[in-house]
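The points may be read alongside the sequence and the structure.

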Amino acid sequence: MGVRIADRVGMPELDVNRRLKSFEEVATGYTEEMAIAEASRCLQCPTKPCVSGCPVGIDIPTFIKDVKNRNYESASRTIFASNNLPRICGRVCPQEKQCEAVCVLSKMKDKEPVAIGRLERFVGDLQIEREMPGSLQTSKRRVAVVGGGPAGITVAADLATKGYRVTIYEAFHTMGGVLVYGIPAFRLPKDTVVDEAEGIASMGVEFVRSQVIGRTLPFQEIRDDYDAVFIGIGAGAPRLSGVPGSNLNNVFSASEFLTRVNLLNAWQFPEYDTPVVVKRNVAVIGAGNVTMDAARTAKRLGAENVTVVYRRSEQEMPARREEYLHAIEEGIDFKWLTLPTEYIGDINNNVSAMRCARMELGPPDESGRRRPEKVDGSEFDMEIEMVIEAIGQKANTVLRYGFPGLELNPWGFIKTVEETGLTNLEGVYAGGDIVTGAATVIEAMGAGKKAAESISKYLDSL
Ligand code: FAD
Ligand code: SF4
Ligand code: SF4
């Protein structure tokens, strides 16, 4: 049954009992009738405020009008003019904070914004064949892109469209970055990612897989071989709490747990011979999208009780509301204002309990959110057999030793000129999570677009 918010057309969803037994996609997508009904709500505002809310600047009213008129080829052309990954963005973009947040309907009494992301997904899922520009590979200039996540894919697609020869070097055996190894199939089906991410091969983009730049292939070699380089290696290293007991068995980072499930196909065990451990009582620490993904994954893999433990309150939770509501429907419990202070082990060094302190919120901290403070004498123990920490991501240390001369900030992220993505090295650009820290798919794509423009100008000036 779809969730119906005010007057907008609800998204059909898989029955919750079926969800818990599978990794099938939860949001099943609009039918044509639903898409046309939703598109008809758009006011076609001449000032197009929604476009400014989209980091890649899709001409939203134009494609929505085409959906309303069943002119899907034109809708698809409009979307692809700005966004190479509509099936992905339509599913995982935090639309409620971006394009939909500035839709004029959201300011009107009893109205909800047009469901822009759902309409974008509808058009993307029609998989209308794209006309490729006739100018592919007209330039002799060659660009290396390091990292096959959304930032790298966007740079590669935009530069290939402009006629440059582009090669993506990816550490894993498949393109897509976090879209493949982080976000689970019940939110973003794997074949959608592979189709869309690898679809840019049709633009002449070459892929070199299983090659870790700075480790299996020197960065300098890439710099010597190409006219320009873009680095989009993401923020793949997990931040860990380091509380006593962190090294006990069955204490995971969400990165490790989700990578085992998604990239190594533990979700398809025994079809794939790569199981992952999941216990009866699981605690997931944090409250972002990664937390919800880890908690819902653990539940699908057989955990009986999954509790999300967060040191702030529900109001400060950074996860998308839609995913939080799905988690509640799926039986995930939430313990707010609670901080783990120690993991306690049994005689076999398996985690068996978690000591926690209750928190209260003080004045706002540098993030603008109220700072959580421990309540004296409030400690208590929770019985658990598995912990998954989802408390943030940081830069991979490969940058420190594998990319000589590249200037980093004190947290290990790459320093760039904001407007262009240029690093301190000539012809070397960077963007996405490795510059901003963990952010969103569409922000990484926006950074990729900006960098592609700058790289093109730089190459033309050579
Ligand atoms: P990445 O996606 O991390 O891609 C970087 C790529 O570079 C990877 O494929 C990596 O293997 C490769 N690489 C790394 N080092 C090297 C090297 N030395 N040589 C070659 N290749 C290398 N965002 C949303 O908008 N909505 C969501 O719902 C959402 N949910 C998320 C859920 C999870 C579990 C996670 C972890 C993140 C989520 N995000 C979400 C965040 C979003 O996925 C990222 O912001 C986005 O993927 C960043 O894109 P990127 O291209 O910068 O990096
Ligand atoms: Fe909105 Fe994201 Fe689509 Fe842009 S890409 S229109 S922000 S859903
Ligand atoms: Fe349509 Fe909303 Fe954009 Fe206006 S702001 S054109 S109503 S999507």
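1. A cavity here is a set of points, on a 1 Å grid over the protein atoms alone, where a 1.4 Å probe fits but cannot get out, and lining residues have an atom within 4 Å of a point. The volume of the second largest cavity is about 90 Å³; a volume is the space filled by probe spheres set on the points, which are joined across faces, edges and corners. Its lining comprises nine nonpolar, three polar and one charged residues. In this classification Ala, Val, Leu, Ile, Met, Phe, Trp, Tyr, Cys and Pro are nonpolar, Asp, Glu, Lys and Arg are charged, and the others, Gly among them, are polar.

2. The model is predicted: local features need pLDDT of at least 70 and side-chain atom pairs count only at pLDDT 80 or more, whereas totals for chains, interfaces and linings use all residues. Residues are numbered from 1 along each chain as its sequence is written, chains are lettered from A and ligands numbered from 1 in the order in which they are written, and side-chain values use heavy atoms, with hydrogens and water left out.

3. Two cavities of 30 Å³ or more are counted. Helices are DSSP runs (H or I, at least four residues), numbered from the N terminus. By class, the lining of the largest cavity has twelve nonpolar, no polar and one charged residues.

4. Which ligand sits in the largest cavity? Ligand 3 does, in the sense that more than half of its atoms lie within 2 Å of the grid points. Around ligand 3 are Cys42, Leu43, Gln44, Cys45, Pro49, Cys50, Pro61, Cys103, Val104, Val114 and Ile116, each with a heavy atom within 4 Å of the molecule. This shell has ten nonpolar, one polar and no charged residues.

5. The second largest pocket holds about 470 Å³ of space. A pocket is an open set with protein on both sides within 12 Å along at least five of seven lines. Of its 27 lining residues, Arg8, Glu96, Arg118, Arg320 and Glu322 lie nearest the centre. Helix 14 supplies the largest share, six residues. The classes in this lining are nine nonpolar, three polar and 15 charged.

Notes. Helix = DSSP H or I, 4+ residues; strand = E, 2+ residues; numbered from the N terminus.
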